[in-house]
Protein chains: 2
Amino acid sequence: MELLPAQQIAFQHMLDTIRANFERFGFLPIETPVFELTDVLLTKSGGETEKQVYFVQSTGALEQAKKPELALRFDLTVPLARYVAEHEHELNFPFRRYQIQRVYRGERAQKGRYREFYQCDIDVIGKDTLPFAYDAEVPAVIYGIFSQLAFGPFTIYINNRKLLRGLLESLGIAAEKHADVLNQVDRLGKQDRAEIEAKVAGHTSPEVAKQLLDLLTANSLDALHAFEPQNANFKEGLRELEDVYTSTLALGVPTTSLHINLAIARGLDYYTGTVYETFLTDHPKLGSICSGGRYDDLASHYTKSKLPGVGISIGATRLFSQLLELGLIKSDVKTTAHALVLNVETAMSHDYLTIANELRSAGLNTEVYGGTDKLGKQMKYADRAGVPVAILYGSRERDGGAIKLKILRENREEDVPRSELVARVRAICSI
Amino acid sequence: MELLPAQQIAFQHMLDTIRANFERFGFLPIETPVFELTDVLLTKSGGETEKQVYFVQSTGALEQAKKPELALRFDLTVPLARYVAEHEHELNFPFRRYQIQRVYRGERAQKGRYREFYQCDIDVIGKDTLPFAYDAEVPAVIYGIFSQLAFGPFTIYINNRKLLRGLLESLGIAAEKHADVLNQVDRLGKQDRAEIEAKVAGHTSPEVAKQLLDLLTANSLDALHAFEPQNANFKEGLRELEDVYTSTLALGVPTTSLHINLAIARGLDYYTGTVYETFLTDHPKLGSICSGGRYDDLASHYTKSKLPGVGISIGATRLFSQLLELGLIKSDVKTTAHALVLNVETAMSHDYLTIANELRSAGLNTEVYGGTDKLGKQMKYADRAGVPVAILYGSRERDGGAIKLKILRENREEDVPRSELVARVRAICSI
């Protein structure tokens, strides 16, 4: 993805909003190098990840046909694990970090798939244990971000893998079949129920499959409480789920934006407790725009310490390009400048610089037209640039103690006393 | 360079300040992909650059032992040239862009050399021509950045390559010797003058070498005006140099921070007019911390259009690590949080979430302690985290309508009415 400046401004606004919300909850920034040692990066991977990795070699190494020692990160989780393991004794636990960086996947370039894209992650990492209370903070962060970004109504779905596991156990489904069953469960609401039920029935009986799917699609806490027999996982998962729900409401998230959804399983075995997904109400086909969950151990490959955590990730590049295509992101701000000082009379060029300096010192982003073109051409530049205010100041204005402002979007001019310039431009730009 | 969170906060502050100043002058953001086609990237290079490039291959390509098609950018100038050539018809000229991204050099890791580092660049690119007025804006941007970053006193040096060329021509030094002579000139003030003079004399005569170096080290505009014979390059260069100087002063840069320095030549042939360097007055050994200049044509390899420009670059990663070592950058802000709500009584946990939500809604970054540890351990966490204010609220405070604040850096507590909490925390954090 390579953007023109107007789109880049919109994208930057999105990243800034995400970052501000991460910091609003006191998360700490880190950045890790784009290179990781190949051995570190591929520790966890099965074959699939390995296929998608970009290996890196300097010219010298390439000539010697060495095996590449470095590769580009493909997510922010492996670098986080390596970072926490490496700096374990210098960090304050629970370690709350955010990370907004690009990641790389060796994919064929095609629509909706990027070889390079931004991920925006937060994680809270505990040492040995991580109190459950941190699980409730995550949906509040998600809510803060997507309310401010204003892409339209959205719902944060929460569920609990412990609860699902307890339920499958109670229904007598063998542990080695859980992954397959949960993969099917994850398709509920997206694909045909009868088909899903048939596949689940293949792992148990038609009766149990029906009972399971009825319970999961009912989304009723009462029905869950009435379910028997409840084993330890079931009870703890249910308690956690209810606790995340009520705590998130206490953090100011409205019930309209937060739903328990028992069919959210999140494919990965990685998650062990609370899980999160987020959907734009009017655009369910985009899939989850922000997902995550609780996991038992971040960095077992890199340290003997047990590091449980909870976190979420936003794939900002993909989301941005989808929303741009849907018209939900407008790139109507085309410039960082609030004002453009035109060159009305070249002899007065130092006056223009003084005016620009005045505006900039007052926090107004200001550009000065550097050429000596006719005013018509200068106005055309101003128009294309999309600058809110053009400033015209010639000897006539100077002698009258005034200054002329052109408000481009309203296509009108006004004269203001020279001394009121800054205040007036601030007012026009609502600063 | 991989930083701990407190240092990362300081580094982020540096990048934010640079970006804010770029935008203060109405520069537009762009980002380009980290990958460029190898053919594009190596167009300009001699052998030296090629040695320093990182080539990139996905697993599949590597297995087939193909020649790498992609490489990582080694600066932001080549990507800019490619970007402007590619999007020429969609951009508004003069195109004023800023770009803050990492670049990659295949160097051996060693102190002060990074394989991955941030560059922060601005350039104004004209189509066919670029008015000279833009040259005067650049030192004002530099001044804005380094005043705000407050690393101590600094000087922006300006010079003009046209003036130098005219001078060498007038002194009868052959054109093919200019590059060598200017390389020597660039060493003035850094190395022994006698040695430099001897080397210059090798390209001309001892008398001319002396005359040249006397003139360049005198830094006297009067002496330059008195110099004879003045050819066209000399005259135009001198006029431009004086114009940049007076215009920059009109933009509010004080004479203490802006010096004409005729010995600044900037090795590269690339620059053709104004050149800039910036030195920290108390740390000249760091070399120039922000350099650049005017060039005739940005993208002759990629387009037939002539694209003259003027720009500067800051190598942020190297600068940051040097200043950190010198103690000029303090990483004493260790957290993004203004307040930490402690868990005084677990039964009141929803009250803590409500308090956090109140503070966050008022723009205060707030963390909630998630564990049920004893208060002593919680305070220890607060201390290590470096959070300004810890908030203690138990049933005793609740019944009295008050709330207890601990201001950690002053090691004192105060009770405030519950209703004044937000205002008081804002005041303590000077927000």
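Chain A averages a pLDDT of 93, and 97% of the residues score at least 70. This is a predicted model, and the predictor gives the complex an ipTM of 0.95 and a pTM of 0.95.

**How the two chains sit together**

Let's begin with the symmetry. Chain A is superposed on chain B by a rotation of 180° with 0.0 Å of shift along its axis, at an RMSD of 0.0 Å. The two copies are therefore related as by a two-fold rotation axis. To find that axis in chain A, look for A:Val56: its C-alpha is the nearest to the axis, 2.3 Å from it. Both copies use the same surface, since 100% of the contact residues of chain A recur in chain B.

How many residues does each chain bring to the contact? There are 66 residues from chain A and 66 residues from chain B. On the side of chain A that touches chain B, helix α14 (residues 349-361) of chain A gives the largest share, with seven residues. Sorted by class, that side of chain A has 28 nonpolar, 24 polar and 14 charged residues.

Strands also pair across the two chains. Strand β3 (residues 54-58) of chain A and strand β3 (residues 54-58) of chain B run antiparallel and are joined by five bridges. Within this pairing, A:Phe55 stands opposite B:Gln57 in β3(B).

Is A:Ala356 buried or exposed? A:Ala356 has 26 other C-beta atoms within 10 Å, so it is buried, the cut-off being 20 or more. Beyond its neighbours within four places in sequence, A:Ala356 is in contact with A:Val341, A:Thr366 and A:Val368, and also with B:Leu251 of the other chain. The C-alpha atoms of A:Ala356 and A:Leu340 are separated by 8.3 Å, and these residues are 16 residues apart along the chain.

A:Leu340 leads us to the core. In soluble globular proteins, nonpolar side chains tend to be buried together. Here the largest nonpolar core has 248 residues, and A:Leu340, A:Ile391, B:Leu340 and B:Ile391 touch the most other members. Not counting residues up to four places away in sequence, A:Leu340 touches A:Glu367, A:Tyr369, A:Ala382, A:Ala385, A:Val387, A:Ala390 and A:Ile391.

Strand β11 (residues 309-315) of chain B is largely enclosed by the rest of the structure, because five of its seven residues are buried. It has antiparallel partners. Strand β6 (residues 116-125) of chain B is joined to β11(B) by seven bridges, with B:Ile122 partnered by B:Ile312. Strand β10 (residues 291-295) of chain B is joined to β11(B) by five bridges, and there B:Ser291 has B:Ser313 as its bridge partner.

Helix α7 (residues 161-170) of chain B is mostly covered as well, with eight of its ten residues buried. After α7(B) comes B:Gly172, with a positive phi near 75°.

In chain A, helix α7 (residues 161-170) holds A:Glu169. A:Glu169 has 17 other C-beta atoms within 10 Å, so it is partly exposed. Not counting residues up to four places away in sequence, A:Glu169 touches A:Asn231 and A:Asn233. A:Glu169 and A:Asn231 are 62 residues apart in sequence, yet 8.1 Å apart in space, C-alpha to C-alpha.

**Backbone details in the loops**

Some loop residues deserve a look at their backbone angles.

| Residues | Feature | Value |
|---|---|---|
| A:Phe93 and A:Pro94 | cis peptide bond | omega about -5° |
| B:Glu228 and B:Pro229 | cis peptide bond | omega about -10° |
| A:Ala150 | positive phi | phi near 55° |
| A:Asn411 | positive phi | phi about 50° |

A:Pro94 is found in the loop between α5 (77-86) and β5 (95-104) of chain A, and B:Pro229 lies in the loop between α11 (221-226) and α12 of chain B. A:Ala150 sits in the loop between α6 (137-149) and β7 (154-160) of chain A. With 9 C-beta neighbours inside 10 Å, A:Ala150 counts as exposed. The loop between β15 (402-407) and β16 (412-417) of chain A is the place of A:Asn411, which counts as exposed with 8 C-beta neighbours inside 10 Å.

Definitions and conventions
Residues are numbered from 1 along each chain as its sequence is written. Chains are lettered from A and ligands numbered from 1 in the order in which they are written. This is a predicted model: local features need pLDDT of at least 70, side-chain atom pairs count only at pLDDT 80 or more; totals for chains, interfaces and linings use all residues. A residue is buried if 20 or more other C-beta atoms lie within 10 Å of its own, exposed if 12 or fewer, and partly exposed in between; C-beta atoms are placed from the backbone. Helices (H or I, at least four residues) and strands (E, at least two) are DSSP runs, numbered from the N terminus. Two strands pair if DSSP finds at least two bridges between them. Two residues are in contact if their C-beta atoms, placed from the backbone, lie within 7 Å. Ala, Val, Leu, Ile, Met, Phe, Trp, Tyr, Cys and Pro count as nonpolar, Asp, Glu, Lys and Arg as charged, and the others, Gly among them, as polar. pLDDT is the predictor's confidence in each residue, from 0 to 100. Copies are superposed by least squares on the C-alpha atoms of residues with pLDDT of at least 70 in both. A nonpolar core is a set of buried Ala, Val, Leu, Ile, Met, Phe, Trp, Tyr and Cys residues joined through C-beta atoms within 7 Å.
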